[in-house]
Amino acid sequence: QGYTPAEPQVPFEPYRTRCEDAEVAVRPDPTVWGPVSSELGTFDEQGCCVLRNVVPPERIEACRKYLATFTSEEQLKVTDNCRLVTEANSSVLRSVFAVHEAASANLAIVCNAPLHFCRTCLEWLAGFCEDDGSPLAELARSDLITRHVQQILADDVYVHQSRVNLQAPFKGTGFSWHSDFETWHAEDGMPKPRSLSAVIFLDKNAEHNGALMVIPGSHKSFLRCSGRQKNANWEKSLQSQVYGTPSEDHIRQLAEKQGIKHCVGEAGDVLFFDSNLLHASSGNRSPFSRRNLFVAFNSWTNRLQAPFYAEEKRPEHVAHRERITRCDRTP
Ligand code: 6CS
Ligand code: FE
């Protein structure tokens with residue numbers, strides 16, 4: 001009898017992307033990983049869910065006050081702090097990263113490259129360190145948020161990325177359509193979409209001030225994106241994303257079938273959305289600000305590996321892989 005050697009096992013890569021052939025593929029992984037309470041009823045089917053009045057007004061107010069220190073005139077002159085991202089065509093602040101960490105941890109980030117930081121910048125950061133408590137950090141890891149996250153992901157969780165997106169009045173330019181997981185897989189090495197974002201509304205979110213738009217149910221597909229970035233793509237992509245944006249035909253195809261929904265709500269409401277849900281936001285032409293605290297949680301068993309489709313990993317303040325701690329688990 002002739003012997004036929006077994007075919008070599010090619011590992012199946014369901015989340016292949018940044019490739020030649022953009023296409024709509026099926027997500028083989030679950031969308032909720034354990035039993036969830038009825039409060040989170042729409043999460044499995046739609047990939048998102050807004051819970052009302054989760055955060056008390058005093059805590060929202062404390063976050064707004066703290067944030068004002070970042071957006072002061074004085075601070076905006078300090079453009080070399082890597083945690084701050086401005087809009088592409090102006091010095092208007094767009095995002096502040098790593099806000100779930102205490103101020104002293106943030107100082108440590110910039111001190112990795114002390115030569116690049118001017119004296120004003122260091123003095124300003126040192127000022128923060130005297131008062132290490134940050135209401136944003138407390139809120140990001142609070143049980144108000146994490147108990148829902150732990151339920152959906154059915155695992156210990158940690159913060160993969162956090163930021164405040166400001167969508168400044170008149171000036172905010174929004175975000176083009178994308179799945180977060182596509183970037184986190186390609187550029188950060190996140191194996192599976194066992195992750196999600198909690199968006200804490202620090203202001204009212206309405207259609208006119210840049211509320212997040214989603215295609216409900218799109219988290220069940222995986223849209224492979226064409227084109228491979230050169231390195232340090234993140235410096236540009238956080239202002240205006242080019243690589244990792246699905247083809248317009250594929251977005252249309254899903255939106256025609258499943259529609260587009262604005263995730264609106266009041267300050268203190270919290271939106272939870274799957275890491276693979278297609279979302280975007282228009283700019284903010286209204287006179288009202290739309291500040292949101294985004295906290296992306298990943299499952300402890302799904303921690304980052306080497307990037308799947310990028311030469312180098314992104315910096316710690318954009319994708320945490322070293323300074324991570326499990327969030328407390330409530331019984
Ligand atoms: O880069 C990130 O991690 C996030 N930012 C953008 C512009 N797209 C993907 C993801 O949401
Ligand atoms: Fe996103």
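**Helix 8 and its ends**

I started just past helix 8, where Gly-189 takes a positive phi of about 80 degrees. I'm working from a predicted model here, so every value below is computed from its coordinates.

Next I went back to the other end of the helix. At the start of helix 8, a side-chain oxygen of Ser-179 comes to within 3.3 Å of the backbone nitrogen of Phe-181.

Then I checked cover. How many residues of helix 8 (residues 180-188) are buried? Nine of its nine are, so I noted the helix as mostly covered. The buried set runs through Asp-180, Phe-181, Glu-182, Thr-183, Trp-184, His-185, Ala-186, Glu-187 and Asp-188.

I took a separate look at Thr-183, which sits in helix 8. Its relative accessibility is 10%, and Thr-183 counts as buried because the cut-off is under 20%. The side chain of Thr-183 makes a polar contact of 3.3 Å with the side chain of Gln-241.

**Ligand 1**

Both partners of that contact turned up again when I listed what surrounds ligand 1. The list has Gln-161, Arg-163, His-178, Asp-180, Thr-183, Trp-184, Ser-237, Leu-238, Gln-241 and Arg-314.

- Asp-180: an N or O atom of its side chain is 2.4 Å from an oxygen atom of ligand 1.
- Trp-184: a polar side-chain atom lies 2.9 Å from an oxygen atom of ligand 1.
- Arg-163: a polar side-chain atom lies 3.0 Å from a nitrogen atom of ligand 1.

I also asked how much of the ligand the protein buries. Ligand 1 taken alone exposes 300 Å², and the protein buries 96% of that.

I moved on to the loop between helix 8 and strand 7 (195-201), which is where I found Pro-193. Is Pro-193 buried or exposed? I have it as buried, with a relative accessible area of 1%. I also looked at its distance to Arg-27: the two C-alpha atoms are separated by 8.9 Å, although the residues are 166 apart along the chain.

Arg-194 came up through its backbone oxygen, which the side chain of Ser-299 reaches at 2.8 Å. Ser-299 belongs to strand 13 (residues 292-299). With 0% relative accessibility, Ser-299 counts as buried.

Which order do the seven strands take? I read 2-11-7-13-5-4-3, an open sheet with antiparallel pairing. Strand 2 (48-51) and strand 3 (84-86) are the edge strands, each pairing on one side only. The twist averages 20 degrees from one strand to the next.

Strand 2 pairs with strand 11 (residues 270-274) in the antiparallel sense, over four bridges. There, Val-50 stands opposite Leu-271 in strand 11.

I checked the pairing of strand 10 with strand 8 (residues 213-214), which is antiparallel over two bridges. The bridge partner of Met-213 in strand 10 is His-262.

**Cysteines**

I found zero in the structure. The cut-off I need here is 2.5 Å between sulfur atoms. Cys-49 is in no disulfide either; its nearest cysteine sulfur, that of Cys-48, is 7.5 Å away.

I checked cover for both residues while I was there. Cys-48 counts as buried at 1% relative accessibility, and Cys-49 is buried too, with a relative accessible area of 7%.

Key:
Residues numbered from 1 in each chain as written. Chains lettered and ligands numbered in written order. Predicted model: local features only at pLDDT ≥ 70, side-chain atom pairs only at ≥ 80, totals over all residues. Heavy atoms only, no water. Buried < 20%, exposed > 50% of the residue type's maximum accessible area, 1.4 Å probe, protein only. Polar contact = N/O pair within 3.5 Å; in protein donor to acceptor, adjacent residues only side chain to side chain. Pairing = 2+ DSSP bridges. Axes fitted to C-alpha atoms, helices over the stretch in contact; angles between N-to-C directions. Near = heavy atom within 4 Å. Areas by Shrake-Rupley, 256 points an atom, 1.4 Å probe, with all protein chains shown as cover.
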